[in-house]
Amino acid sequence: MGNRSLNQSLTLKPATLQDRRNIYIWLAHSNLTRDMLGAPNFPEIPIPTWEEFNEDYKAYYFDGSRPLKGQCFIITLNGEEVGQINHNEIDPITQSTEIDIWMADLKFTGKGFGGEALRLLCEYLNQNFGCNTIYIAPSKRNLKAIRAYTKAGFNETKNLPINFVPDYEDSVIMVKKLL
């Protein structure tokens, strides 16, 4: 999966079990963690331990063995790892899934990399699994994320997916419909 834009090549590559620790560090121990998890901004969402992360992101997210259950991808820019994006279980009846994304470092934000990664993953999910409804649910406090997701074609919705459990008490449910 890849696309050329602005003389840079942003691609998604399936994450491996060897990538699992880095993806965890980007989430739980980077200069972006405070924008997603833990005190002071998100006291209701404690930073996960390595064990808790592994409970949420099971091995199949990294070995590609159960893509309908979920899979992580590394976002690369000209070969440099700049973040991760993943989808969760794909509902075959509603042809929908929820996705999540986080960058590896603050220096990779605000440049459109996340939006391009969202576009690439949505296209992949649509072409390979027939997904036509993609959800993402940032905190209302994460204004940068909401702006980026809106720019990437997601719109706020009140229609919650079946069995959806939001991460944040103030989650903004956003949806992108694909043809």
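Predicted model: local features only at pLDDT ≥ 70, side-chain atom pairs only at ≥ 80, totals over all residues.
Glu89 lies in the loop between E4 and E5 and Lys69 in the loop between H3 and E3, so the pair ties together parts of the chain that are 20 residues apart in sequence. Lys69, for its part, is partly exposed, with a relative accessibility of 26%.

## Other salt bridges

The count of salt bridges comes to nine. One of them joins the side chains of Glu44 and Arg141, at 2.4 Å from N to O, and this pair links distant parts of the chain, since Glu44 sits in the loop between H1 and H2 whereas Arg141 sits in the loop between strand E6 (133-136) and helix H5 (143-151), 97 residues apart. Glu44 is partly exposed at 28% relative accessibility, and Arg141 is partly exposed at 34%. Together with Asp170, Glu44 and Arg141 are linked in a network of salt bridges.

Within helix H4 (residues 113-129), Arg119 and Glu116 are three residues apart, about one turn of the helix, and their side chains meet in a salt bridge of 2.9 Å, N to O. Arg119 is partly exposed, with a relative accessible area of 28%, while Glu116 counts as buried at 14% relative accessibility, because buried residues are those under 20%.

Helix H1 spans residues 20-28, and in it Arg20, Ile23, Tyr24, Trp26, Leu27 and Ala28 are buried.

His29 is found in the loop between H1 and H2 and is exposed, with a relative accessible area of 53%. His29 and Ile47, although 18 residues apart in sequence, have C-alpha atoms that are 8.6 Å apart in space.

Ala59 lies in the loop between H2 and H3 and is partly exposed, with a relative accessible area of 33%. When residues up to four places away in sequence are not counted, Ala59 touches Leu17 and Arg20. Ala59 and Arg119, by contrast, are 60 residues apart in sequence and 25 Å apart in space, C-alpha to C-alpha.

## A patch of negative charge

On the surface, Glu51, Glu52, Asp56 and Asp167 gather in a patch of negative charge. Asp167 is located in the loop between strand E7 (155-156) and strand E8 (174-177).

How values were computed: Residues numbered from 1 in each chain as written. Heavy atoms only, no water. Buried < 20%, exposed > 50% of the residue type's maximum accessible area, 1.4 Å probe, protein only. Helix = DSSP H or I, 4+ residues; strand = E, 2+ residues; numbered from the N terminus. Patch = residues over 30% accessible without salt bridge, like charges linked within 9 Å, V, L, I, M, F, W, Y side chains within 5 Å. Areas by Shrake-Rupley, 256 points an atom, 1.4 Å probe, with all protein chains shown as cover. Salt bridge = Lys/Arg side-chain N within 4 Å of Asp/Glu carboxyl O. Lys, Arg positive; Asp, Glu negative; His and termini not counted. Charge placed at Lys NZ, Arg CZ, Asp CG, Glu CD. Contact = heavy atoms within 4.5 Å.
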